[in-house]
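Hello,

Please find the structure below. My notes on it follow.

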Amino acid sequence: MVRVTRFLAFDTSTDSLSVAVGAGGPDAAPLAAHTGVGGAQASATLIPLIQDLLAQAGWRLDELDAIVFGRGPGAFTGVRTACAVAQGLAFAARPQGLPVLPLDTLWAVAEDARATLAAAGSPAPHTIAAVLDARMDEVYVARYTLTGDALRPLEPPRLCRPEDLLQVVPAVPGTVLAGNAVAVYGNRFGPALLALPQVPALPTATALLRLAPQAMAQGLAVSAPEAQPLYVRDKVAQTTAEREAIKQAQAATGPA
C-alpha cells in the first residue's frame with residue numbers, strides 16, 4: 001500500500017488566518033481546514049486551531065511529513081508568528097525535528113488563483129501575476145508561469161508603487177492579475193493592467209497544501225532552525241506575541 005503524505009499548512013501573513021491538513025497535490029482537497037480572522041488574533045488562536053484540525057484528521061503531529069507555512073512577504077507580525085510556530089512544532093514533534101517548507105506567500109496567491117480558474121472551467125493562463133497589498137502605499141508582486149498544474153516563479157517577490165506595476169507586470173495576453181491589491185489600488189494600476197483578467201486570491205493554507213509535494217520534490221524542505229521569514233521590506237521590531245509563539249508551540253505539544 002502506498003503511504004499517503006501528510007502535511008500541516010498555515011498562513012498568517014494577511015488579515016486572514018488559514019490552516020489546513022491533508023495529503024497535498026494540485027487536485028487534493030484538505031482533510032480539515034479553517035479560514036477566519038487573523039491579524040492580532042492569530043498568535044492566540046493558531047495553535048489551538050492546529051490541534052483541532054489534526055484531531056479531525058486523526059493525525060498526530062509526529063506523523064506529519066512536513067509543516068508548511070507562508071513565509072512572506074506579508075505582515076511582519078504574521079510571517080514571524082507563522083515561522084515561530086512552525087519551528088516550535090517541528091522541534092516538539094520529534095527529537096530530530098520535522099522538515100519545514102517555508103513557501104512564498106505570493107506563490108500561494110498564484111496557486112489559489114490557478115485553482116479558482118480551473119474550478120470555473122476557465123482557460124489556463126500562461127502567467128499569473130500575484131499582487132498583494134503591502135500597505136504603506138506599495139504592493140508585493142511576483143509572476144509565475146503555468147505548465148500543466150505546476151507554477152514556476154519567474155522572479156523573486158518585490159515591492160513597488162502601484163503606479164509602477166506595469167514595469168514589473170507586462171500587460172500581455174495570457175496574463176492574469178491575482179491577489180487583493182486591485183480592490184485597494186486598482187485605479188492607480190492604469191487601464192492596460194486593469195484590462196487583464198482579475199482573480200481575487202489570498203495565500204490560503206489549502207493553496208500551500210497543493211504546492212507542498214512539488215516543493216518537497218524540488219528540495220525546498222529545511223530543518224526547523226533554517227526556516228526563516230521572507231522580508232521584502234526592512235524588518236521591524238519583534239513583538240511580545242512573536243517572542244512567545246515558539247514557547248506556546250512547544251508547550252502545547254509537551255516534551256518530545
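**Salt bridges and a helix pair**

The count of salt bridges comes to 14, where a salt bridge is a side-chain nitrogen of Lys or Arg within 4 Å of a carboxyl oxygen of Asp or Glu. This is a predicted model, in which local features need pLDDT of at least 70 and side-chain atom pairs count only at pLDDT 80 or more, while totals for chains, interfaces and linings use all residues. Residues are numbered from 1 along each chain as its sequence is written, and side-chain values use heavy atoms, leaving out hydrogens and water.

One of the salt bridges joins the side chains of Asp149 and Arg114 (3.6 Å, N to O). Asp149 lies in the loop between strands S7 (139–147) and S8 (150–153) and Arg114 in helix H3, so the pair ties together parts 35 residues apart in sequence. Helices (H or I, at least four residues) and strands (E, at least two) are DSSP runs, numbered from the N terminus. Arg114 is buried at 6% relative accessibility, whereas Asp149 is partly exposed at 39%; buried means under 20% relative accessible area, exposed over 50%, and partly exposed in between (1.4 Å probe, protein chains only).

A network of salt bridges links Asp137, Arg161, Glu163, Asp164 and Arg188.

Helix H3 (residues 105–119) also packs with helix H7 (residues 205–217): their axes come within 9 Å and cross at roughly 110 degrees. Axes are lines fitted to C-alpha atoms, for helices over the stretch in contact, and angles run from 0 to 180 degrees between N-to-C directions. H3 and H7 are therefore roughly perpendicular, the term for 65 to 115 degrees.

Regards

Technical notes: Angles under 35 degrees count as roughly parallel, over 145 as roughly antiparallel, 65 to 115 as roughly perpendicular and the rest as oblique.
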